[in-house]
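Good morning, colleagues. I would ask you to look at the model on the screen while I take you through a sheet, a cavity and a surface patch.

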Amino acid sequence: EADNWVNQTRVLNYLGNLSLEITPLSNLKFTSNFSPNVEFTRLGEYRGRYSKATSGNQQNTRAVVNNRNRMSYTWDNILNYNWAINPENNLNATFVYSQFYDRYENYNMERRNFSTDQYLFYNLGAGSVLQSATSGFSKQTLESYTGRLNYSHKGKYLLTLTGRYDGSSILAASNKWAFFPSAAIAWRIVEEDFMKDQNAFSDLKFRLSYGETGNNGTGGGLSPLASLSLIGSNFTNIGDQVIQTAFISGLANQDLTWERTKEWNFGVDFGLLKNRITGTLDIYSRLNSDIIFFRPVPTATGYSGVFDNVGEATNKGVEFAVTSKNVNTGDFRWTTSMNFATNRNKITQLYGGVDEILFGVQGGSYIHRVGHPIGSIYTWEFDGIWQLDELDAAKKVGQLPGQVKVKDIDGNGVI
């Protein structure tokens, strides 16, 4: 088998980072970072006449070659201006322009019936039967403009304002761009005069923020062309002729837009005993709207579903972390860190008048259901093992003693 089966992969991958920094003024700095990623992959496989897959039949000898290449880059341009208005007031302004680009190509061919095993997969033309020839292409881009202002008064009153304008190529044509604002204020109360005489807190700051962020769906399985109605090709027989056909391979969604997250956060940063003990406390409430997910459609349409903005969900939680410096000498250092976090996730609304969406991932069954967490496991509930004296009851649901008993949740006698 080893002499008759060759499976080889060759990969050439280049990761780079180019950086440019210019300081035209003492308080003005421009930074540009360009990070390309170029990858070429060739997969080659040959199964000879005496391999297990061909079973000695020359017509089943096969060679497969798959070539794929990907070129992507991230380009960030940052302009930062710092203005010390006076000893008590400072203003910092930052503008960021970013680009992300990703292009992918894939070519695959399989030929069969080779007269000799000497070619391996380096001479596809020697195979007299073309088994398959496929190719693919995708491209996506993301462009962002971000502006941020940071203001500080005496180092104890802090204000941050941010605006971000993002555009994604994979969303519907009329909804590619969206604006996401945020604002935050902070008060270092430990700097106030009435805190000077206390010795417990070496640092104490209160924070309050509101912000919006966007998700274009790539993390949820949305491919670069998923919002479009694409054309596929195939072949069919009409009489004694093979005719190439074309068909619509997916449903378009001309309303697909950004998934948006709106979050309120209240936080406390503290230090005790000259910062021998430090910690943070955050309480947050997050609303996710226009969640991007694959929505099933009736099979009568000829399609399994379409990516859509399916609903809304909330996340509410608390995060707490504390670190203590127990011993800190020249030869020995001992610190202890502890953290606690809790989050409650719940779907509050599914669009389109539905209460639930069933879906499967890697062999598992899951459900989006109003009032429950996103992606809850959806399966039977274990209720024990059928016993010998339960034979009649087990037969009613198609089971026998010794098999797993499944709870009848709605009591209708049907599992």
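Let me begin with two bridges, which join strand β19, residues 364–369, to β20 in an antiparallel run. Strands here are DSSP runs of E of at least two residues, numbered from the N terminus, and two strands pair if DSSP finds at least two bridges between them. This is a predicted model, in which local features need pLDDT of at least 70, side-chain atom pairs count only at pLDDT 80 or more, and totals for chains, interfaces and linings use all residues. Residues are numbered from 1 along each chain as its sequence is written, and side-chain values use heavy atoms, with hydrogens and water left out.

I367 has S376 of β20 as its bridge partner. The open sheet has three strands in the order β18-β19-β20, with antiparallel pairing. β18 (356–361) and β20 (376–377) are at the edges with a single partner strand each, so one side of each has no neighbour in the sheet.

A cavity is a set of points on a 1 Å grid over the protein atoms alone where a 1.4 Å probe fits but cannot get out, and lining residues have an atom within 4 Å of a point. What lines the largest cavity? The residues are I291, V310, G311, E312, I347, L350, H368 and I374. β16 (311–328) and β17 (333–350) each supply at least two of the lining residues.

Finally, L208, one of the residues of a nonpolar surface patch, is in strand β9, residues 201–215.

Key:
Helix = DSSP H or I, 4+ residues; strand = E, 2+ residues; numbered from the N terminus. 1 Å grid on protein atoms, 1.4 Å probe; cavity = no way out; pocket = protein on both sides within 12 Å on 5 of 7 lines; lining within 4 Å. Patch = residues over 30% accessible without salt bridge, like charges linked within 9 Å, V, L, I, M, F, W, Y side chains within 5 Å. Areas by Shrake-Rupley, 256 points an atom, 1.4 Å probe, with all protein chains shown as cover. Salt bridge = Lys/Arg side-chain N within 4 Å of Asp/Glu carboxyl O.
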